[in-house]
Structures are given as structure tokens and as C-alpha cells.
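Hi everyone, thanks for coming.

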Amino acid sequence: MSDPFLETAARWAVALRYGDLPPEVRRAAGAQRFSALGAACWTTSLPVADRVHRTVRAEFDTEGEATLLGGGTVSPRATAYGHAALGMALDFDDTVLGGHTGHAAVFVPLAYAEGTGTGWRRAIVAHVAANEVAARVASAAAVGPFRGQQTAYVHALCAAVGRAVVEGDDAETLADAMAIALAQPPWPLEAAFLGSDAKVLTAAEPTLAGLNAVRAAREGLAGNRDLVTAEAGFLDAFADYPLPEFLGDLPTREAGDRFGPVEGRWHTRAVTVKATPGCAYVSAPVEAALDARRELDDRFDGTVPVSHVTVEASLFTTQVDERASRYVRGPDSTLAALNFSVPYNVAVALLDGEHTPRQFQPRRRAQRDVWELADRVELEHDAEFTMAALRSEVPLGAMLRRVGPLVLPYSARTVGVGTTLKNLPTLLRFVRKRPLPTDLSRAEKRLGARVTVHLTDGRSVTAECPHPQGFAGRPLPETRAVARRKLRTALTDLAGEDAPVRPAVDALREPVGQVSLRELDALVGGRHPEAGEVPPR
């Protein structure tokens, strides 16, 4: 009988070394790091950041040497919690195959490395180890009730691995810590996730559970190391159709070969970085809307009003917008609901000619023009975009290919019998099981959309985005550039055009020495989120 996954994963994680990471994996992890830091920095320009900082100050022992962006130096626990919340707030995050791991996989190693004076290389190893372990568990449970940011349990696993690897725990301690971290996995409720500010804490609270689990394991508390696949265990509870085969293939060298290639499946390599804030299923409509706006500027004089806007997209996009629409209430909408709303995001992108966190400032959200146009945005399903998404490995294609004929009842349960029957020809192409992917360097995430802007004089402009910038399957150098630009533009927005932003960002491309975020925090500058709002250009 093989060892339980958590024992195998713990031994692998504590043995992982910087030299074991292929250059492309290090670069993909770097893109994820830039993206996570950029998302957190951008959030400090919004009022929600002030509330996060106040929560951290009120709840945690803030004595420490870890940098909380916009909040000074506090304890590593407080930093990890605060950054997870800041990174989550705008849905401006990143993913690997298996989920939105970066909120804990990036920020926990950075917090504990900076707090203990540890070097960048160890923090990067902890980051990748956390990604690989948590993403495997999430992939094994992907065909279930939760996907995307609602797979909140990944942050408990990432936090346990990230802290234990940085602080040098042994495999026995880490195995127990991961088992404890998964003992009471969160079950997010949609009405809270989309209908309140609680979504901001979706990663922060599980991160604490993972950090606490490491301490509990160090003090001798034992977890059930067979928990992931045990009867009445994690997969039984969190997967409609468990896929335990995704737990394997942790990257290793052949026995006795210290310098040979590291063979295995790197989930980190299938990194996606968002170029614009909001749900990934909204990214393509936004990019297409921005292209349409540029076309309008080039071809028309702007005197003819827009009649209506048609958005054609995949079933992923139409379904997530349908869920969000229940919580969209004009200027009183929650930030979470707006991040998932196709009409709002397309309308504001068309009106402003940009789509950054500035479009989520309270002043912009309160203006009538965006809501008048949003009311004229019509969303339609396009089966070809759905097919392209399902042919992609990310976000769900790699897992659905292992389900076989059971994909049909899963679809009926997830999106309804009517929608399943309507899209039966599409789904029938996925009833044959396909091999498990082993090399994710070519994994794709094609979530495309088409936007047509109809003018009142009968003319129209159409723009299409089949594969958004920074998504898995785009060239890795491009994804890295998208991630660096996210951080650079956030810091420039906060610190000003004349601030030394570029050197600070460039220093993080191949960081050396001890981990420190002090320079970034100085550029964030402690600007009060309620003051100095930057109006859309």
C-alpha cells in the first residue's frame, strides 16, 4: 500500500531545493509573485484597504519585522492575513492549475521569511512547494461544489507548507500540520461571497488555520495523514467525482542522480496572471471592450450614442454573471459582485477606455453613466467559446477529461438540466476519458469573448479576445511582463510618476539576499485610502 498523500507531499516539500526548480518554473513563480504583490498594492488605493488594516491592527499582535503593504511592519501572522485580504479584494489575482493559490502560497513565505531574516531562495522554494501540494489537492477535488476562489481550503494547505518550509520543520511535523489544516475545511456560502464584504477574507481566514496547524503539530497534536483519500475524508466531502490521480507525479530526480533533470508535473508552470481586475471569466469581455473602444475612437467622432452592446462568451462567463447579477444593485453593489459582473465591467471599460482598480473607486461606481450603459449590455452564450474553454486544460478541462460519461450528470447538477440539454452536443465530446497531463508548460486557459457595440445610427464595431493576456498558454515572457506591469502601474499610481518605481520592481525579478518588502511599502507610502481618489482618465 502506498503512503498517504500528505506524508509523501510533506517529504517532498521539505526536501525541495532551489536548484530543483527548472528555470521556467522559477519564472512562472516570479510572475505569480509580481501579480500577487501588484494586486495587494492596487487595493491600498481603495477604501477597503483601510478596513483591512484596521482589522489587522485591532486583532493581531503587531510587533514584528514583516512588512504589511500600506500598514508598516507587523508580525508575520498579521502580514500574511492582511496581504491575503488585500490580494483578494479586487479579484485581481492569479491562478495555477488547481486554483487561486497565490494569496497564501506567495504571501506566507514572504511574511515568515522577512520576519525571520530568511533569504529569497528559501521563500521561493516554499512558495513553489505550497503551490504544488495545494494545487494537487484542489485538482483532485475540482469536479465538485467549489472552483476558483471558493476553493478556500487551498490557503490552509499553502499556509501550512509555506510556513513549515521557511522555518525548517521536518516532514513528520508538516504532514500532521497539513492534516490538521484540512480537518475543518471552509465551505464558502455564495450569499456571503458575492453579497457582502466577507469575500475579502476568503483567503485570509483559511491562511490563519494553516499557520495555526503548524504550531499545533509542533506541540505534538497529530492529524489523520490519510485524510485526503480516506473514507469520509476530504475528497469524499469536497468532490462530486474524486480524481485522486492528480495527487501524484510530484517532480523528483531519479534515485541517486543529484544533477539530473527533475521530472514530474509542475502545476506552477500553468500560471495565469490577470491583466485587469475582476473574475477571470470577465477578462476576455473587458479586453474585447477595450479593443472596441479604441476602434470607436479611431473610426467615429463620438457624437453618435451607443444603442446597446452585445457580449458573446462561454458558458463559464454566462453562468458566473448570472450568479453575480443577483447581488448587483447599482452603486450599492458589493465590490465582489461587481468583480463578477459582465455588464458593469464592459460598460466602464467602454466609457473610460481603461480598466484598472480606478474603475472600482466609490466615486466611479456612483456615477449614472456606467449604470445606464450597463443596462444596455446583453450577454449571450457562444458554444464555440465554451468548446475552446473545455479543450483547454485550465480551469477545468484537464479534470473533466478524467471524469468520462459522468460529466453529463455533473453538468446537470451544476448548471441545470435545461442548460445541459441545450449544450449536449458540446458536452458529448468530453465523455471519453483522456490521459492525465504530465507537462503543463503548454497548458492553455482559453476563455474568450466577443463584444459588439451597436450605435444608434445602425453602425457597429466588433472586437474579439479569444485568449486573454497573461493566461496560461500565452508565452511565459508575456505573462511575466503583464505581472510586472501590474505591480509597476500600482506603485506609480500610488507614489507618482517621478517615484523610483522601476528600480524597485526590477530588483524583484531575480531577488537576492534577505526578503524585504520595505522598499515597496515606502512607495505605497501610507496613502489614506479615503483620500486622493484618482478619477478615471
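Let me begin with the lining of the second largest pocket: its residues divide into 7 nonpolar, 6 polar and 11 charged. Here Ala, Val, Leu, Ile, Met, Phe, Trp, Tyr, Cys and Pro count as nonpolar, Asp, Glu, Lys and Arg as charged, and the others, Gly among them, as polar. Please keep in mind that this is a predicted model, where local features need pLDDT of at least 70, side-chain atom pairs count only at pLDDT 80 or more, and totals for chains, interfaces and linings use all residues. Residues are numbered from 1 along each chain as its sequence is written, and side-chain values use heavy atoms, with hydrogens and water left out.

Back to that pocket. The second largest pocket has a volume of about 520 Å³, and of its 24 lining residues, His355, Thr356, Arg358, Arg485 and Thr489 lie nearest its centre.

Helices here are DSSP runs (H or I, at least four residues), numbered from the N terminus. With 20 residues at 1.5 Å a residue, helix 24 should span 28 Å, and its end C-alpha atoms are 28 Å apart, which agrees. Just after helix 24, glycine 496 takes a positive phi of about 105°.

The largest cavity has a volume of about 40 Å³, and its lining includes Arg33, Pro109 and His127. Helix 7 (120–140) gives the most to that lining, with 3 residues.

The second largest cavity, at about 30 Å³, has Ala36, Ala39 and Gly87 among its lining residues. Ala39 and Gly87 turn up again where helix 2 meets helix 4. Helix 2 (residues 23–43) and helix 4 (residues 76–89) pack at an angle of about 85°, with their axes 7 Å apart. That makes helix 2 roughly perpendicular to helix 4, a label for angles of 65 to 115 degrees.

Definitions and conventions:
Axes fitted to C-alpha atoms, helices over the stretch in contact; angles between N-to-C directions. Helix = DSSP H or I, 4+ residues; strand = E, 2+ residues; numbered from the N terminus. Parallel < 35°, antiparallel > 145°, perpendicular 65-115°, else oblique. Contact = heavy atoms within 4.5 Å. 1 Å grid on protein atoms, 1.4 Å probe; cavity = no way out; pocket = protein on both sides within 12 Å on 5 of 7 lines; lining within 4 Å. Points joined across faces, edges and corners; volume = space filled by probe spheres on them. Expected span 1.5 Å × (residues − 1).
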